[in-house]
Amino acid sequence: MNNWVKIIFGTITAIIILIAAFIFGSYYMLERSLPVYSGSKKVNNLNEKVSIYRDEFAIPYVFAESKSDLYFALGYLHAQERLFQMDLSRRAGQGKLSEVIGRKAIPFDKMFRTLELAKIAKQHYNNFDDETKSILTSYANGVNEFINKSEEKFTIEFDVLGYKPNLWKPEHSVLIAKLMAWELNISWWSDITFTHLIQKLGLEKVKEIMPNFDENGPTIIPSGIEKFADVPLDLIKVDKDFRNLMGSAGTHIGSNNWVVNATKSESGKPIIANDPHLSFSSPGKWYVVVLRTPELNVEGFTLPGVPGVVIGKNKNISWVLTNVMADDADFYIEKLDSSRSTYFFNNEWHNLDITEDTILVKDSTEVIFNIRKNHRGPIISDIHPYDVLFSNDKEKSADISMRWTALEQSNEIIAMSEINAASNWKDFQSALKNFEAPGQNFVYADKEGNIGYVAGVKLPRRKTTSPSFVYDGTTDENDWIGYVPYSENPMMYNPQQGFIASANNKTIENYPYHISNIWEPDSRIKRIIELLTTKEKHSSADFKKYQMDFYSDYAKDIVPHILNVFENYSHENHNLKTALIILSQWDFYFQAKSQVPTIYSVFYQHLLKNIFMDEMGENLFNEYIFVANIPYRVVRKMLNDNNSTWFDDVTTDKIEVRDDIIKKSLLETITYLEKEFGDIEHWQWGKIHKVKFKHFFHGKSKLLDMVLDVGPFEIGGDGTTIFNTEYSFTKPYENNLGPSMRYIFDFADSNNFEIILPTGQSGNFYSKHYKDMSKMWLEGKYIKINTDENAIKNSDYNLLQLLPN
């Protein structure tokens with residue numbers, strides 16, 4: 001054999017051996033990272049044996065002899081399946097993302113360090129009662145048992161980023177809860193945006209495009225707001241970038257929940273349902289468990305990093321949640337001296353509380369900065385996006401402080417613990433005294449047939465009932481004057497109508513205190529009420545259909561305006577003619593295979609642009625439409641009233657009116673769709689409206705996206721349908737938020753409840769439980785979970801036993 005043949009043969013053989021070794025090594029590493037579901041393990045900090053059964057979807061059924069051992073096991077389970085997700089959230093709240101992902105995280109770390117979330121979580125933990133501390137300590141011990149015994153077995157994300165997780169401290173669970181409150185708190189965006197709009201466009205123009213509810217009274221705009229120094233949008237930009245990084249970018253951060261009592265139930269017992277609308281990611285937000293001790297019997301949805309069931313049931317009651325949309329944060333323009341060490345308040349200069357902090361940055365120099373606070377809270381205007389963080393020529397802008405209820409002492413951990421153990425309505429009400437942020441609409445049912453509602457929220461008391469702006473901070477005129485007593489929070493018990501429903505809509509009529517100005521459009525709640533009232537009695541099967549409903553009451557209000565404008569319009573375009581015909585025949589269901597939702601949605605996008613862009617400019621326009629429920633509410637009112645000056649395009653000599661803008665928007669829609677997709681038979685909604693559950697590493701490479709992301713899938717609906725499939729108006733038409741789970745429970749079948757997740761229980765992409773529920777979620781199918789102890793223990797489920805060391 002010639003030498004060159006030998007060399008080629010040897011080289012090829014060596015390459016094959018290396019590839020085989022790499023594949024085998026990768027396979028071995030991935031196999032080792034999978035959670036152990038069976039066998040026995042000796043562990044520290046456990047008092048007695050804990051048995052953990054897992055079904056075919058890796059849903060655990062945990063049997064312990066004490067609550068401390070139960071919370072230990074829950075911490076262990078969360079760490080087994082979701083440790084990277086937990087650690088990433090913890091690092092975000094601590095302001096330590098830069099340590100593992102580098103300089104791009106500096107603005108996010110500065111934001112949360114300025115808010116001092118980690119410091120506040122520690123302070124709150126120190127002030128907790130012994131029972132709360134015990135729960136958090138037991139949970140942390142379980143997490144740490146997994147971390148300590150899992151050397152070189154962590155999921156691949158830790159290897160890619162080159163670090164190992166630190167031990168879990170009890171206060172870290174408090175921090176995760178605070179971070180969830182931050183994610184669900186979007187009311188403050190509108191405060192800053194509307195103030196900025198007034199400064200740029202003037203008071204009268206902005207008054208026309210502010211959402212309002214009559215029962216809130218007239219919108220009161222603070223005097224002198226136009227004379228404030230420019231209100232910066234930096235905090236909003238940093239927060240948007242952070243949410244994009246963490247996979248929490250949607251703004252319809254709400255939910256649907258409803259319950260019917262025995263009189264409206266086919267089974268003769270209450271039936272309750274929930275589908276919280278949160279941003280999509282892989283893995284998802286929730287982890288399903290069944291938990292048992294001699295004194296505690298609870299099952300449902302947990303938040304990895306936090307002990308306890310957030311949504312679910314026990315042997316006596318069930319509870320479900322939606323976001324109150326509470327306006328629980330305010331901003332104030334502060335007057336600082338030239339040294340930025342004192343602030344002017346009530347005609348006196350007061351010292352700021354100033355501390356120096358340091359951000360450690362992977363592969364870069366550390367960042368040292370000052371955190372300033374006054375009596376209200378942190379000066380958040382020092383937070384800047386990365387592109388101006390190190391600039392020396394930033395324009396002079398206002399110094400702004402922030403007050404937020406979640407930064408003040410509360411104890412949601414004990415609230416959820418008491419709810420988990422509640423026996424009746426009285427216990428449930430009492431537990432919610434401690435639940436303050438994020439404000440939630442708690443809907444309730446019990447085995448005795450009662451149903452109820454409580455707004456679990458801490459509402460600031462203000463002198464005005466419609467705050468939507470940044471206020472003058474040099475006086476106490478706009479400071480909070482206390483809090484609404486819990487006894488005066490909105491509540492309801494056994495209403496005569498026989499059902500309760502919430503969908504982030506206006507909570508209560510004629511309420512003496514301000515709750516919010518950013519309620520969701522009433523499309524979802526109107527549809528839910530329609531479904532619950534047009535049929536005398538309902539079943540779990542009905543509830544499944546309702547949760548999958550793609551009907552839009554909002555679109556029903558908008559389409560007639562289009563048809564009226566084109567009623568006598570002469571045209572020869574085949575696609576336009578066909579579009580008008582099918583719009584006139586539309587049943588207002590957003591089906592993925594239909595062309596009509598595409599025409600409507602693209603029209604609505606052009607309508608927004610044609611109403612607002614000419615006067616706002618691109619940047620202000622994108623700020624205004626970012627919180628989607630604001631333009632949804634405003635545009636419908638503008639079309640109905642037909643008297644807004646915003647319809648006029650200021651770039652033309654003509655004075656345009658409503659019908660001109662509607663006509664222009666539809667004609668542009670047809671042109672756009674013809675250019676992108678050709679003839680109308682190719683305009684199906686699912687072609688442009690898709691959902692993908694993205695991993696944290698999304699966008700790093702196409703290969704990683706193929707492996708780690710779940711999807712994309714064609715999907716129906718939009719942000720106004722019960723099955724909420726929101727897309728951002730600033731990035732149409734990709735579905736980025738929707739049902740983060742679905743839950744249905746009929747008290748007549750007390751041992752079973754039905755659930756589904758968008759992806760699966762596991763956060764390990766190599767696990768078969770990473771995405772084993774996705775197809776079922778898309779198709780409206782559910783998993784029935786049998787909680788009967790005998791059935792579980794006599795099943796063929798995997799059994800893992802944790803034994804005291």
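1. Helix axes here are lines fitted to C-alpha atoms over the stretch in contact, and the angle between two of them runs from 0 to 180 degrees between N-to-C directions. The model is a predicted one.

2. With that in mind, take helix 6 (residues 130–148) and helix 13 (residues 412–420): they pack at an angle of about 85 degrees, and their axes are 10 Å apart. Angles of 65 to 115 degrees count as roughly perpendicular, so helix 6 and helix 13 are roughly perpendicular to each other.

3. Which residues make this contact? Helix 6 contributes Glu-131, Thr-132, Ile-135 and Leu-136, while helix 13 contributes Ile-413, Ile-414 and Ser-417. By type, the residues of the contact are four nonpolar, two polar and one charged.

4. There is also an open sheet of three strands, with mixed pairing and the order 15-10-18. Strand 15 (399–404) and strand 18 (471–472) are at the edges; each has a single partner strand, so one side of each has no neighbour in the sheet.

5. Strand 10 (residues 329–334) and strand 15 run antiparallel and are joined by six bridges. Ala-329, for example, has Trp-404 of strand 15 as its bridge partner.

6. Is Gln-440 buried or exposed? Gln-440 belongs to strand 16 (residues 440–446). Its relative accessible area is 7%, and buried means under 20%, so Gln-440 is buried.

7. The side chain of Gln-440 makes a polar contact of 3.4 Å with the side chain of Asn-323. Leaving aside residues up to four places away in sequence, Gln-440 touches several others, among them Leu-184, Leu-321, Phe-435 and Val-454.

Terms used:
Residues numbered from 1 in each chain as written. Predicted model: local features only at pLDDT ≥ 70, side-chain atom pairs only at ≥ 80, totals over all residues. Heavy atoms only, no water. Helix = DSSP H or I, 4+ residues; strand = E, 2+ residues; numbered from the N terminus. Buried < 20%, exposed > 50% of the residue type's maximum accessible area, 1.4 Å probe, protein only. Polar contact = N/O pair within 3.5 Å; in protein donor to acceptor, adjacent residues only side chain to side chain. Contact = heavy atoms within 4.5 Å. Parallel < 35°, antiparallel > 145°, perpendicular 65-115°, else oblique. Nonpolar A, V, L, I, M, F, W, Y, C, P; charged D, E, K, R; others polar. Pairing = 2+ DSSP bridges.
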